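Here is a short briefing on one protein chain. Keep the structure open while you read.

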Amino acid sequence: MGLVPKKPQPELLPVDRAILRLLAENARMPNNAIAEQVGIAPSTCLSRIRALRERGVIRGYHADVDPATLGLGIQAMIAVRLHAHTKERISSFTAQIPLLPGVLAAYHLAGADDYLLHVAVPETDALRDFVLEHLTAHPAVAHTETSLIFGHMRGQMTT
């Protein structure tokens with residue numbers, strides 16, 4: 001997971017948007033079923049999906065696993081504010097974040113906070129240790145604010 005600036009993407013054709021909508025709903029949908037629903041040949045569908053992957057529009061496929069089933073029953077969002085916004089401090093921080101145990105996602109923000117981390121840990125003591133050992137001990141970090149996650153809902157992608 002890199003925190004890399006996004007490149008401008010060329011406009012998507014309606015058929016590509018339809019393919020992406022179906023894949024967002026069910027990434028395991030067979031190519032033939034996608035082709036049938038969007039009204040194109042399976043070979044055309046496969047080549048369009050391949051092109052979308054190569055362009056970086058489709059970033060990957062994953063299983064949405066409940067962290068609690070892996071013993072990670074506590075999830076939190078941690079807002080992080082950096083001391084200074086020098087290239088070196090940001091690079092040092094962003095290089096370490098994806099490697100930290102329990103980090104599910106990291107978002108670079110505009111506004112009062114610089115980053116928002118989604119983490120999953122086994123218990124509250126582990127959450128406290130994560131913040132103290134990995135965040136507040138980092139020389140680039142000025143402030144953190146932790147919010148526990150009680151529930152999670154996934155929205156629908158619309159285009």
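**L135 and its surroundings**

Not counting residues up to four places away in sequence, L135 touches I78, V80, F93, I97, L117, F130, V141 and T144. Keep in mind that this is a predicted model.

**Nonpolar cores**

- The largest nonpolar core has 19 residues. Within this core, I78, V80 and L135 touch the most other members.
- In soluble globular proteins, nonpolar side chains tend to be buried together.

- Where does I97 sit? I97 lies in the loop between helix 4 (87-96) and strand 2.
- Is I97 buried or exposed? Its relative accessibility is 2%, under the 20% cut-off, so I97 counts as buried.
- Leaving out residues up to four places away in sequence, I97 touches V103, A106, L117 and L135.
- L117 is also on the contact list of L135.
- I97 and S147 are 50 residues apart along the chain. Their C-alpha atoms are separated by 18 Å.

**Overall fold**

- The protein has five helices and four strands. Along the sequence they follow the pattern α-α-α-β-α-β-β-α-β.
- Why is the protein described as more spread out than a compact globule? Its radius of gyration is 19 Å, well over the 15 Å that the globule rule gives for 159 residues.
- Taken along the principal axes, the C-alpha atoms fill a box of roughly 55 × 35 × 25 Å.
- Consider the contacts with a separation of 6 or more: residues 24 or more positions apart account for 66% of them.

- Of the 159 residues, 28% count as buried.
- The protein exposes about 10600 Å². Carbon and sulfur atoms supply 55% of that area.

Methods:
Residues are numbered from 1 along each chain as its sequence is written. This is a predicted model: local features need pLDDT of at least 70, side-chain atom pairs count only at pLDDT 80 or more; totals for chains, interfaces and linings use all residues. Side-chain values use heavy atoms; hydrogens and water are left out. Helices (H or I, at least four residues) and strands (E, at least two) are DSSP runs, numbered from the N terminus. The radius of gyration is taken over C-alpha atoms; the globule rule is 2.2 Å times the number of residues to the power 0.38. Buried means under 20% relative accessible area, exposed over 50%, partly exposed in between (1.4 Å probe, protein chains only). Contact means heavy atoms within 4.5 Å. Accessible areas come from the Shrake-Rupley method with a 1.4 Å probe; for residues, only the protein chains shown count as cover. A nonpolar core is a set of buried Ala, Val, Leu, Ile, Met, Phe, Trp, Tyr and Cys residues joined through side-chain atoms within 4.5 Å.
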